[in-house]
There are 2 protein chains.
Amino acid sequence: MTEQFRVDASAPVEADGEVPAGLLAAFWRYERALMADDVAELDRLFAAGEHTIRSDVAGVLVGHDAISAFRRGRGGAPKRRVNRILVQVVSEDAALVVAVVAPLTGGSGSQTQLWQRQGDTWSITAAQVSGATPAMDSRVWRSVGSPLMRAAGSGALDGETVAVKDLFAISGHRIGAGVPAYLAEAGAGHFTAPAVSALLEAGADVAGIARTDEFAYSIAGVNPHYGTPPNAVVPGALPGGSSSGPASAVALGQVSIGLATDTAGSIRVPASYQGLWGLRTSHGAVSTDGVLPLAPSFDTVGWLTRDPHLLHRIAETVIGPGAAVPAQVAIAPDLLAGIDEDAAAAFRSGLRTLVADGRIGEPVEVTLPDASETFAAFRTVQAAEAWRAHGAWLRDHPGAVSGAVAERFAYAATVTPEQEQASREALARIRAEIDHSLDGALLALPAAASAAPAANAPGADIDRVRTATLQLTCYAGVLGAPSISAPLFATDRGPLGLSLVGPRGSDAALVQAAAALAD
Amino acid sequence: MTEQFRVDASAPVEADGEVPAGLLAAFWRYERALMADDVAELDRLFAAGEHTIRSDVAGVLVGHDAISAFRRGRGGAPKRRVNRILVQVVSEDAALVVAVVAPLTGGSGSQTQLWQRQGDTWSITAAQVSGATPAMDSRVWRSVGSPLMRAAGSGALDGETVAVKDLFAISGHRIGAGVPAYLAEAGAGHFTAPAVSALLEAGADVAGIARTDEFAYSIAGVNPHYGTPPNAVVPGALPGGSSSGPASAVALGQVSIGLATDTAGSIRVPASYQGLWGLRTSHGAVSTDGVLPLAPSFDTVGWLTRDPHLLHRIAETVIGPGAAVPAQVAIAPDLLAGIDEDAAAAFRSGLRTLVADGRIGEPVEVTLPDASETFAAFRTVQAAEAWRAHGAWLRDHPGAVSGAVAERFAYAATVTPEQEQASREALARIRAEIDHSLDGALLALPAAASAAPAANAPGADIDRVRTATLQLTCYAGVLGAPSISAPLFATDRGPLGLSLVGPRGSDAALVQAAAALAD
């Protein structure tokens, strides 16, 4: 235990009337509990029930339970001094208390609390808090400029701003891949990846380099070195990964475009979790030169946006108009069996609404090759390639990656050439079977197996959802086909993307078709 | 006029009781007025009087007048949609309304408003607002990394973080000097200024490159291209310049050290305005190699911190222990004649308290050479050198600098060699006279002629305060002596630095002496 922080209760009080008895004592009890991270006491001082409110820059929490869970998860508030207390007296039983605070690490903050009395007990029924802001949210970003790299041309993307996932070469900058030991050894290159140049030439500025899960080998959006980027729409939830930084940066309104990669779902999952539009492109449609590989057979470049028309403009500019998409939509009911009930229900009812509104025709039901078999083959080839890409470096740097990513690489190291070859053969067969089953239709499926899990959910829950999600997202990788996540559905726990998988080469048309569903 | 933004009043309302009549109508009136920037209507909807409160991340405003002035100055709120309304009913005449909002440019925000009814009229008596945060505050920073440049050694500054004023060479980065046209032509160099290296070698990380007034030729802290950095302690006030970015970054708690320059007051003025410790060093004590010059006869490198002991550690590490400082303090009462009354009063009473507390001995009163004559000579030499440094470039780039800085350079272009020579001779004579008057004593004077003026104060007011401040700060430059601004005094309008000018070479001892006054 660190030394107890001593709360100095000498701040001057300015009130617009007589301060009700007991109010200030309760205020200071709260402040002492906050500084001691005494969650039980804080819970007692926040009013029980479903209507208690706590707001800050990360979002609004409603209900005592949600607020209590937040407190338990955060590991204490920054130490601070209360410099000034302003009281608006509403009645003998209610008052608003505004405190001006000075964090010990500099800057200033404030909080507004509505205190109400029941009997002799004062409690907070609503609070809003502002703290000091960092120069940059290093959970989201590695580096930011104004801009980091200015547009090299003018065109369809004039005025847009880009968060580049920390896997792409940018002249004068290093690639960090979410791994500090890797970054420390990286040199700044003189080459800019064509996927970056294409945006610069079309008029977009690069605002900065944004975070990724370690070597992009995860869909959670957790990074133990730099912290978990915030989910901009579900306070306290995972952002989704591995394109966590670009996704959060777009969802937070800090840039308009996230330039990212999707090997097994790394664009579509954060898009689904944070209510964004995200496109995984057709294999080979966008150059992966200058992009750190994870599994080259499945690695694709793509984008995240808030606006579907912008996503369409990007796809048209970078890839060209490409192939058309069919009107017929197919669904594979078997795929819904493994996902969370509320997500399956949201998908089914969302799709029914789109049909009822005449936005899509009645879907055909198809049977696809078994999801667990498909994912197993996908996962084996992905692991073999990931080990080929990073195994030698990881052997030389024990402990450089951690947690679930380390486990995944440990498994990857065990994949034999025979297993890899057998999985490649299985994938070729599965691909032909899917093509046959779909018969040219658009495949509609949920972009993830659930809304974003809470960041502090048990590891086993996160693992379960991860596998269920990958059993959905792997189909596009197996096909080499473009796949969009469109933020059209929601569960009570947050947004859920509608994913559409289109024919290979139909990238721009696929975005346009999805955008039409939202207009 | 742009098209009127249409407020959609369909957000769902969740209340913990019966919503009082008229409350929601007033809420939506406010929202419409906010989106239309109808300041008169907003003023009507905020309760009159001195107790009304408005808080956001920039600080807490108290009183209807202060809130109204803020609204008039900001040019409207970001357009947004209200997505959810939560109401805590306190009584028939009072309720708290929390709104969850979605800015059109992405991200999310929230506001907490206390509404109270007088007769039939609902008005807001307190509000706190959170908006979407940018990736980086580009008023304060040009570029930020995590870190931008990692420590090159370990020592007295381990764990510290530095904001480098955009005048210092950093390998791999350009110098922008607060002037976009200059930045656009600058190339990234392969040299790091020794003043930067000294901090890196002592264990500090460079967090980023921070803003300056154009070519550092101002003490206001205004930059028309990138915006005025916020004053972290006086909401709506000027940050002080030209080291505005490093000062605000330190005051906001974003870094622990600002690496800056002071030619005529560019460290001491922002330190005074934002309650920081700031040191202008002895001429020649810290290398200015790799630092873009303004007026080399007066250019010095120095630092801004929140903690005097850290400032002392920096001075000892970079410069060494150096000369001692005398115990005797001198004041020059004539110098207080030209400054704001409240500042003069704060200085006099602050000094009296230090004497009464036994922290300093009774000051001797001295007469220094006339302030306006001293400043006139200083200003002429500074201008001649500034034109020598930047005149050719400015002639080739008409319009590259603006406002007061452009006027200053226009004047600089007119200084003749004869005027410059005469002023240099005057300065030599004045320097000898000051040395003689001080007779080895520490000179104590206010670090600025006023607390920080409001950022939207009339230009004439800012000009007047500027001249009065420079007539204080120029003495250290004339002497080539170290000068500290210590955040020991305050007026009702904000902090005011106590400036001490020590013997040449006494930098570290001067900081230690000033720090002892605060302990």
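Which domains does the domain assignment of chain A give? The assignment gives domain 1, residues 13-130, and domain 2, residues 141-518. The model is predicted.

## Two domains of chain A

The C-alpha centres of domain 1 and domain 2 of chain A lie 40 Å apart. Their contact takes 5 residues from domain 1 of chain A and 4 residues from domain 2 of chain A. On the side of domain 1 that touches domain 2, the elements giving two or more residues are β3 and α3 (64-74) of chain A. By class, that side of domain 1 has 3 nonpolar and 2 polar residues. It has no charged residues.

## The seven-stranded sheet

Chain A has an open sheet of 7 strands. Follow the strands across in the order β1-β4-β5-β6-β7-β2-β3. The pairing is mixed. Strands β1 (13-15) and β3 (59-62) of chain A form the edges, and each pairs on one side only. Neighbouring strands of this sheet are turned by 20° against each other on average, direction ignored.

Strand β4 (residues 80-91) of chain A and strand β5 (residues 94-103) of chain A run antiparallel. They are joined by 10 bridges. One residue pair to locate is Val89(A) and its bridge partner in β5(A), Ala95(A).

## Where the chains meet

How many residues does each chain give to the contact between chain A and chain B? Chain B gives 56 residues, and chain A gives 56 residues. On the side of chain B that touches chain A, strand β8 (residues 141-149) of chain B provides the largest share, 6 residues. That side of chain B divides into 28 nonpolar, 24 polar and 4 charged residues.

The β8 strands also pair across the contact. Strand β8 (residues 141-149) of chain A is joined to β8(B) by 3 bridges, and the two run antiparallel. Here Gly145(A) has Ser143(B) as its bridge partner in β8(B).

## How the copies are related

A rotation of 180° superposes chain B on chain A, with 0.0 Å of shift along its axis. The RMSD is 0.0 Å. The two copies are therefore related as by a two-fold rotation axis. The same surface serves both copies: 100% of the contact residues of chain B recur in chain A.

Most peptide bonds are trans, and most residues other than glycine have a negative phi.

Two peptide bonds come up here. The bond from Ser146(B) to Pro147(B) is cis, with omega near -5°. Pro147(B) lies in strand β8 of chain B, the strand with the largest share of the side that touches chain A. A cis peptide bond also joins Gly241(B) and Ser242(B), with omega about 0°. Ser242(B) sits in the loop between β10 (205-210) and α6 (244-251) of chain B.

Ala216(B) is found in the loop between β10 and α6 of chain B. Its phi is near 65°, a positive value in a residue other than glycine. Is Ala216(B) buried or exposed? Ala216(B) is buried, because 30 other C-beta atoms lie within 10 Å.

Asp439(B) has a positive phi of about 50°, although it is not a glycine. Asp439(B) is found in the loop between α12 (417-438) and β16 (442-446) of chain B. With 11 other C-beta atoms within 10 Å, Asp439(B) is exposed.

Notes
Residues are numbered from 1 along each chain as its sequence is written. Chains are lettered from A and ligands numbered from 1 in the order in which they are written. This is a predicted model: local features need pLDDT of at least 70, side-chain atom pairs count only at pLDDT 80 or more; totals for chains, interfaces and linings use all residues. Two strands pair if DSSP finds at least two bridges between them. Helices (H or I, at least four residues) and strands (E, at least two) are DSSP runs, numbered from the N terminus. Axes are lines fitted to C-alpha atoms, for helices over the stretch in contact, and angles run from 0 to 180 degrees between N-to-C directions. Domain bounds come from an automatic or database domain assignment. Two residues are in contact if their C-beta atoms, placed from the backbone, lie within 7 Å. Ala, Val, Leu, Ile, Met, Phe, Trp, Tyr, Cys and Pro count as nonpolar, Asp, Glu, Lys and Arg as charged, and the others, Gly among them, as polar. Copies are superposed by least squares on the C-alpha atoms of residues with pLDDT of at least 70 in both. A residue is buried if 20 or more other C-beta atoms lie within 10 Å of its own, exposed if 12 or fewer, and partly exposed in between; C-beta atoms are placed from the backbone.
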